[in-house]
Amino acid sequence: MQSDTENVLLFGSGPAAMQLAVLLKQTPSLYLGIANRPSENWLRWQESYIRHGCILSEAAKPALSALSGYVQVNRNYACPEHIEPVWQTLILAVPADAYLSVLRSLPEQVLISLRRVILLSPSLGSQQIIRHWSESQGLSLDVIGFSTYFAATKCQTNANGSRIPTHVITKAIKKKVYLSSSQNNHPAQTIWHRRIETMLDNIGVGYAWLNDSISVEARNITSYVHPALFINDFSLEAITQPPAIPVYLYKLFPEGPITAAVIRRLVDLWRDISVIVSVLGGERVNLLQFLNDDNYPVRAESIPREKIDQFTDLSAIEQEYLIYIRYSAILIDPFSTPDETGRYFDFSAVPFPRAQVESGQRMLPRIPAEDIRLLYRLREIARVIHVETPTVSELIHDFETWLQNKPDIAINPDVLTREARQDLTYLSGHPAAETNSVKEPACDE
């Protein structure tokens with residue numbers, strides 16, 4: 001084991017966790033462990049790690065070569081109960097709605113040994129919830145949060161088309177991410193803050209530290225885009241009943257889900273979230289500016305710069321028009337070089353993920369499962385802080401209407417509501433006493 005800044009436990013087994021493991025190990029002295037909750041996926045990860053002997057990350061293009069490499073972890077835990085109390089840094093690379101359940105699954109001595117928790121892809125309110133929960137347990141943790149995962153990474157597949165959970169490929173990186181820390185010290189004063197900055201510098205991702213976690217968590221673009229685009233009959237059917245003729249995530253109808261009504265809902269959801277962000281003390285986002293400057297830009301011929309900067313002051317109709325233009329303008333990569341027939345790179349041909357059948361039930365993939373959980377969380381936050389969020393309610397209503405008479409879809413709205421309420425008990429910092437009902441089950445040997 002190393003010093004108290006070098007022992008890092010990475011919790012999660014998805015593509016983002018694998019990419020992060022490779023980047024972390026570029027620090028030679030770092031001692032890295034990995035853990036997850038018992039599941040079929042975690043069992044498959046363990047089998048893959050034994051078979052291949054390492055975690056491997058590849059880059060889809062030469063410009064991303066800094067993200068490629070391989071790593072062998074120093075510790076590998078089959079179950080949280082087996083984790084030793086030697087880790088000072090815990091990185092949560094699991095969905096945001098699982099943060100508290102992961103922390104509750106750790107042995108008490110492991111929690112006591114921690115000095116910081118890093119949230120790789122939090123949801124609105126996550127940092128406050130983790131900070132207040134840790135304080136309720138008598139812990140003093142620096143809670144560091146990213147605005148979002150800094151890359152687009154997926155698992156590699158073998159010759160049979162099966163996923164290799166320990167082998168990933170990164171296709172793109174974010175232009176910029178935002179960070180915040182619960183410590184009062186200036187971020188540059190801590191080793192870990194500098195380590196994060198160095199890692200992002202090395203892979204070419206810009207960053208900015210903000211003073212409050214809500215402003216950071218408000219800068220997750222999927223919160224604004226995914227629910228409107230993917231929680232509707234067109235997208236949900238494409239995910240659960242793939243059509244013979246493929247359709248695509250980011251194309252206009254009928255090739256994809258984008259219609260004028262979907263864009264109107266996207267803009268309306270941005271207004272709902274902006275109300276929540278403002279009441280929680282954060283800085284609201286200029287949606288078009290955020291889409292253009294921090295994600296994928298369009299050419300000035302498509303949307304003039306002044307319209308981007310003035311977006312929040314425009315009428316609702318003009319806002320919807322500009323967002324529709326923006327998605328029309330990135331059907332192709334407007335900055336790519338056309339081929340000899342005049343065709344530009346087909347930027348929007350992103351296939352829908354497919355629901356997987358496990359134990360006789362259809363499991364929704366990350367998109368839209370995480371987006372559905374986000375909506376229930378937003379509804380509960382709105383209830384707690386007493387604001388109206390009509391578009392959040394409409395999206396939940398539409399989802400629950402679609403879900404009717406589909407008993408084979410493994411998702412339960414009542415459970416989503418209950419889980420969101422349990423997490424939000426800690427949003428305000430005045431939680432009720434925990435009960436045994438929220439503890440994780442014991443690990444099977």
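In this predicted model, Thr-222, Ser-223, His-226, Pro-227 and Phe-230 of helix α8 meet Ile-367, Pro-368, Asp-371, Leu-374 and Leu-375 of helix α14. Sorted by class, this contact between α8 and α14 comprises 6 nonpolar, 3 polar and 1 charged residues. Helix α8 spans residues 221-230 and α14 spans residues 366-385. Because angles of 65 to 115 degrees count as roughly perpendicular, the pair α8 and α14 is placed in that class.

Two packed helices are described by the angle between their axes and the distance between the axes. The table lists these values for both pairs.

| Helix pair | Angle between axes | Distance between axes |
|---|---|---|
| α8 and α14 | about 110° | 9 Å |

On the α10 side the contact is made by Arg-265, Asp-268, Leu-269 and Asp-272, and on the α15 side by Pro-390, Thr-391, Val-392, Glu-394, Leu-395 and Asp-398. The classes represented in the contact of α10 with α15 are 4 nonpolar, 1 polar and 5 charged residues.

Helix α10 also takes part in the surroundings of helix α11. Helix α11 covers residues 287-295 and is mostly covered, with 7 of its 9 residues buried. The buried residues are Leu-287, Leu-288, Phe-290, Leu-291, Asn-292, Asp-294 and Asn-295. They pack against strand β11 (176-181) and against the helices α8, α10, α12 and α13.

Phe-311 is located in the loop that lies between α12 (305-309) and α13 (316-329). With a relative accessible area of 0%, Phe-311 counts as buried, because the cut-off for that class is under 20%. Leaving aside residues up to four places away in sequence, Phe-311 touches Trp-270, Asn-286, Leu-287, Leu-288, Gln-319, Leu-322 and Ile-323. Leu-287 and Leu-288 are among the buried residues of α11. Trp-209 lies 102 residues from Phe-311 along the chain, and the C-alpha atoms of the two residues are separated by 24 Å.

The sheet is open and consists of 8 strands in the order β5-β2-β1-β6-β7-β8-β11-β12, with mixed pairing. From one strand to the next, the twist averages 20°. Strand β2 (residues 31-35) runs parallel to β5, and 3 bridges join the two. Within β5, Tyr-77 is the bridge partner of Ala-35. Helix α1 (residues 15-24) packs on the sheet, where it touches β1 (7-11), β2 and β6 (89-92), and the direction of α1 makes about 165° with that of β1. Helix α2 (residues 40-52) lies across β2 and β5 and runs at about 145° to β5.

The structure contains 0 disulfides. For Cys-54, the closest cysteine sulfur is that of Cys-155, at 14 Å, which is too far for a bond. The closest cysteine sulfur to that of Cys-155 is in turn that of Cys-54. Cys-54 is buried, its relative accessible area being 14%, and Cys-155 is likewise buried, at 8%.

Terms used:
Residues are numbered from 1 along each chain as its sequence is written. This is a predicted model: local features need pLDDT of at least 70, side-chain atom pairs count only at pLDDT 80 or more; totals for chains, interfaces and linings use all residues. Side-chain values use heavy atoms; hydrogens and water are left out. Two strands pair if DSSP finds at least two bridges between them. Helices (H or I, at least four residues) and strands (E, at least two) are DSSP runs, numbered from the N terminus. Axes are lines fitted to C-alpha atoms, for helices over the stretch in contact, and angles run from 0 to 180 degrees between N-to-C directions. Contact means heavy atoms within 4.5 Å. Buried means under 20% relative accessible area, exposed over 50%, partly exposed in between (1.4 Å probe, protein chains only). A disulfide is a pair of cysteine sulfur atoms within 2.5 Å. Angles under 35 degrees count as roughly parallel, over 145 as roughly antiparallel, 65 to 115 as roughly perpendicular and the rest as oblique. Ala, Val, Leu, Ile, Met, Phe, Trp, Tyr, Cys and Pro count as nonpolar, Asp, Glu, Lys and Arg as charged, and the others, Gly among them, as polar.
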